[in-house]
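Could you walk me through how the two chains of this model are put together? I'd like the contacts, the helix packing and the sheets in plain words.

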Amino acid sequence: METFNVFDVLLGNNFLSALISVVLPLVFLVIYALIAILGELKISAWIQERLGPMRTGPYGILQPLAEVIKLIQKEDIVPAGANKLLFNLAPYIIFAGSFAGFAVIPFTAAFVPAEINIGLFYVFAVGAFAVIGIVMGGWASNNKYSLLGAMRSASQMISYEIPGALVILSAAVLANTLDMQKITSLQEGGFWNWFLFGGPGGFSKIWILPFTLLLSLIYMIASLAETNRTPFDIPEGESELVAGYHTEYSGMKFAMFFFAEYSNMFIVAAILSIVFLGGWTSPFGSFMSGYWWGIFWFVSKAMFIVFIQIWLRWTLPRVRVDQLMYLGWKILLPFALVCFVIISLYRIIY
Amino acid sequence: MTTRKILDIDFSRIDTDRMRLNVGPQHPSTHGVLRLEVELDGEVVTNVIPHIGYLHRCFEKIAENMNYQQVIPYVDRMDYISSMNNELPYVIAVEKLLGLKVPEKVEYIRVIMAELNRIANHQIAIATFGLDAGAFTPFLYLFRDREYILWIFEKATGGRLLFNYFWVGGLANDVYPTFKEDVLNIVKQVRKTNKDIEELLIYNKIFIDRTANIGVLPADVAINYGCSGPMLRGSGVPFDLRKAEPYSIYDRFDFEIPVGKGEVGTVGDCWDRNIVRMREIEQSCRIIEQAIAQMPDTGDVQSAIPKKVRPPKGEVYFRCENPKGELGFYIISDGKDKPYRVKGRAPSFVNLSVLPEISRGYLFADLIVILGSIDIVLGEIDR
């Protein structure tokens with residue numbers, strides 16, 4: 001399918017089309033965050049044999065809205081002894097870091113806010129931004145729990161970015177591009193063309209099939225650690241660090257942290273679905289394939305991965321900080337490296 | 001999993017401070033109002049000092065100004081999640097002072113209630129232990145089951161947490177007609193949930209990694225510190241007062257003493273202490289089933305209650321196997337209707353004293369898990 005930005009075509013490449021391209025993902029993000037919060041509440045309730053929220057609206061579907069309104073009303077507390085500038089800046093830096101990733105996420109063949117040829121690299125670069133915000137928030141809070149949480153978070157996110165980046169590198173080698181639209185277009189024609197199953201190509205891809213499966217698993221684990229979700233929610237481990245780096249935050253600033261977490265969840269789910277699950281392409285060849293269907297496929301694939309993240313959160317205990325480092329450096333990284341080497345060899349041979 | 005190597009670095013050259021962290025009294029996982037003064041070297045715990053007294057309610061002094069029967073509600077409030085088990089040693093101690101014999105039916109109901117409460121207590125212990133390790137869902141499964149047990153208590157005694165049900169010489173009232181069926185249904189439900197919990201939590205790889213080889217309490221240290229209950233049995237010492245010196249009618253039942261064997265790690269680690277509680281639930285179920293089968297249907301539960309409790313001069317110490325360990329009451333009577341002195345020997349207090357010993361050198365996250373595995377209740381520690 002031909003890829004283009006629909007607003008550039010309709011309005012020409014001007015300021016207005018750029019503005020719409022930026023605002024649209026933000027609107028999507030707000031709606032998605034509300035749905036994901038409701039999903040988190042309801043899925044956790046189903047897993048735990050509860051009902052979840054039932055009073056706000058039918059079956060409690062207005063609960064996330066009520067929570068947002070509550071958070072806006074809350075008093076904005078800056079603790080005594082906090083570094084005001086850094087303290088106030090941190091939540092917005094974190095959110096900016098995760099929202100910037102949306103710039104290169106192709107929602108459908110006809111819409112990507114910025115089609116740049118180093119999309120995957122860009123997502124990783126701006127994703128690392130969040131660490132700065134977390135360290136800033138943790139340091140500026142003037143709280144020992146926050147500081148411990150921030151230190152843990154910095155080491156964790158940096159360690160897990162490396163296996164994650166190796167996975168993406170392997171995929172880039174396989175696709176021969178870093179452009180998200182091109183990677184997605186390559187996987188058109190059915191689910192057997194997904195990079196999860198070795199990508200497009202003849203029967204010879206059977207050689208790399210186990211490795212691409214392994215790579216997607218590695219990315220899934222690494223992305224959980226990057227978004228600070230259970231079983232890797234060590235920076236905000238409730239039973240140890242109260243709430244980690246955002247212990248001292250309240251009101252809208254806390255909401256920004258929360259928003260950034262959900263935004264990050266979607267970003268990693270989107271990368272996983274674009275790189276391994278074919279993004280906006282239909283899993284059944286030309287059946288249900290088109291520009292509008294593209295949005296449906298992409299969002300439902302990403303949301304399925306978000307669902308898995310929520311599912312895992314309410315099932316697994318938390319790992320310890322040294323076990324997390326062990327897993328990252330001694331298990332995921334070597335496996336990712338092996339897969340990378342084998343996929344590179346495959347590319348050279350075929 | 002990993003062994004920590006001692007690096008050959010001269011740390012005295014590097015000017016670093018250890019961090020002093022106050023954990024509690026308002027911290028999500030101090031199990032009440034306990035304050036831990038923790039000294040951290042990075043993430044490694046170098047020292048822990050527990051500070052207690054935030055829940056002190058002068059139980060022992062109040063008891064001196066109350067009738068013997070009036071003390072029972074205060075006893076309830078010591079270990080408020082296993083109140084039935086608290087009442088048992090106190091009423092038996094007073095009955096001993098009086099030289100009283102209670103009817104058969106009372107003994108059976110007391111045992112059934114105490115064992116039901118033991119199950120409820122262990123369910124909370126395992127649930128909060130899981131919570132400390134970061135697992136939220138098993139917590140709610142166990143609390144759901146505990147709710148069913150509390151319903152039985154509510155039907156039988158009117159209270160969910162604090163019962164005032166065991167009286168000197170008898171019970172506050174007889175059990176309700178469908179009591180036996182309700183209890184047997186609960187036993188079935190508890191066993192079913194225990195299977196789920198084993199799959200979901202106990203044998204989960206992450207959970208084993210978090211709890212095995214952590215907070216190892218060797219048997220000799222446990223005995224030296226006077227630990228009791230699952231703490232002691234987790235270290236492999238098969239000591240249970242229900243077997244060692246059977247009180248009430250415990251000698252009539254067939255049950256085993258589960259001990260920690262170091263199945264996934266070292267004997268006496270956190271996992272062992274937890275599995276002991278898990279298996280004690282099963283043993284309690286067995287005791288309840290046998291007691292329900294043997295329990296006489298007829299009998300007046302209040303026939304032996306004395307009009308006035310005025311024991312002769314003397315003193316008595318009586319101890320029972322509380323879910324948390326050995327709970328003893330030392331009562332001195334000077335012949336009046338109020339006790340001259342009541343001293344409670346609280347298992348949680350003794351068990352907590354071993355915390356600094358077993359948590360040095362572990363990570364901060366481990367400290368929380370170790371504290372969870374001790375299963376303390378602050379109402380009992382501060383009294």
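First, the ground rules. This is a predicted model, in which local features need pLDDT of at least 70 and side-chain atom pairs count only at pLDDT 80 or more, while totals for chains, interfaces and linings use all residues. Residues are numbered from 1 along each chain as its sequence is written, and chains are lettered from A and ligands numbered from 1 in the order in which they are written.

**Where the chains touch**

On the chain B side, 27 residues are in contact with 23 residues of chain A; contact here puts the two C-beta atoms, placed from the backbone, within 7 Å. Strand 1 (19-23), helix 4 (104-132), helix 5 (137-157), helix 7 (205-211) and helix 14 (364-374) of chain B each give two or more residues to that side. Helices (H or I, at least four residues) and strands (E, at least two) are DSSP runs, numbered from the N terminus. Helix 7 of chain B supplies the largest share, four residues. By class, this side of chain B has 15 nonpolar, seven polar and five charged residues. In that scheme Ala, Val, Leu, Ile, Met, Phe, Trp, Tyr, Cys and Pro are nonpolar, Asp, Glu, Lys and Arg are charged, and the others, Gly among them, are polar.

Axes are lines fitted to C-alpha atoms, for helices over the stretch in contact, and angles run from 0 to 180 degrees between N-to-C directions. The crossing of helix 11 of chain B past helix 14 of chain B is left-handed, meaning that the near helix is turned anticlockwise from the far one by less than a right angle (clockwise would be right-handed). C270(B), R273(B) and N274(B) from helix 11 of chain B meet V369(B), I370(B) and S373(B) from helix 14 of chain B. That contact has three nonpolar, two polar and one charged residues.

Over in chain A, helix 9 (residues 209-226) and helix 13 (residues 321-349) have axes that come within 10 Å and cross at roughly 150°. This crossing is left-handed too. Among the residues that meet are F211(A), L214(A) and I218(A) of helix 9 of chain A, and L324(A), G328(A) and F335(A) of helix 13 of chain A. The class count for this contact is 14 nonpolar, one polar and no charged residues.

**Two sheets in chain B**

Which strands make up the open sheets of chain B? One sheet has three strands in the order 1-2-3, paired antiparallel. Strand 1 and strand 3 (44-51) of chain B stand at its edges with a single partner strand each, so one side of each has no neighbour in the sheet. Neighbouring strands here are turned by 20° against each other on average, direction ignored.

The other open sheet, also of three antiparallel strands, runs 6-7-8. Its edge strands are strand 6 (314-322) and strand 8 (341-345) of chain B, each pairing on one side only.

Strands pair if DSSP finds at least two bridges between them.

| Strand pair (chain B) | Bridges | A facing pair |
|---|---|---|
| Strand 2 (residues 35-41) and strand 3 | seven bridges | D41(B) and V44(B) |
| Strand 6 and strand 7 (residues 325-333) | nine bridges | C320(B) and L327(B) |
| Strand 7 and strand 8 | five bridges | I332(B) and R341(B) |

A hairpin of two residues joins strand 6 to strand 7 of chain B. Helix 3 (residues 83-98) of chain B lies across both strands, at about 150° to strand 6 of chain B. Seven of the nine residues of strand 7 of chain B are buried, so this strand is largely enclosed by the rest of the structure. Buried takes 20 or more other C-beta atoms (placed from the backbone) within 10 Å of a residue's own, exposed 12 or fewer, and partly exposed is in between.

**Two loop residues with positive phi**

N213(B) has phi near 65°, a positive value in a residue other than glycine. N213(B) sits in the loop between helix 7 and helix 8 (219-225) of chain B, and is partly exposed, with 17 other C-beta atoms within 10 Å.

D375(B), also not a glycine, has a positive phi near 60°. Its place is the loop between helix 14 and helix 15 (378-382) of chain B. Is D375(B) buried or exposed? With 28 C-beta neighbours inside 10 Å, D375(B) counts as buried.
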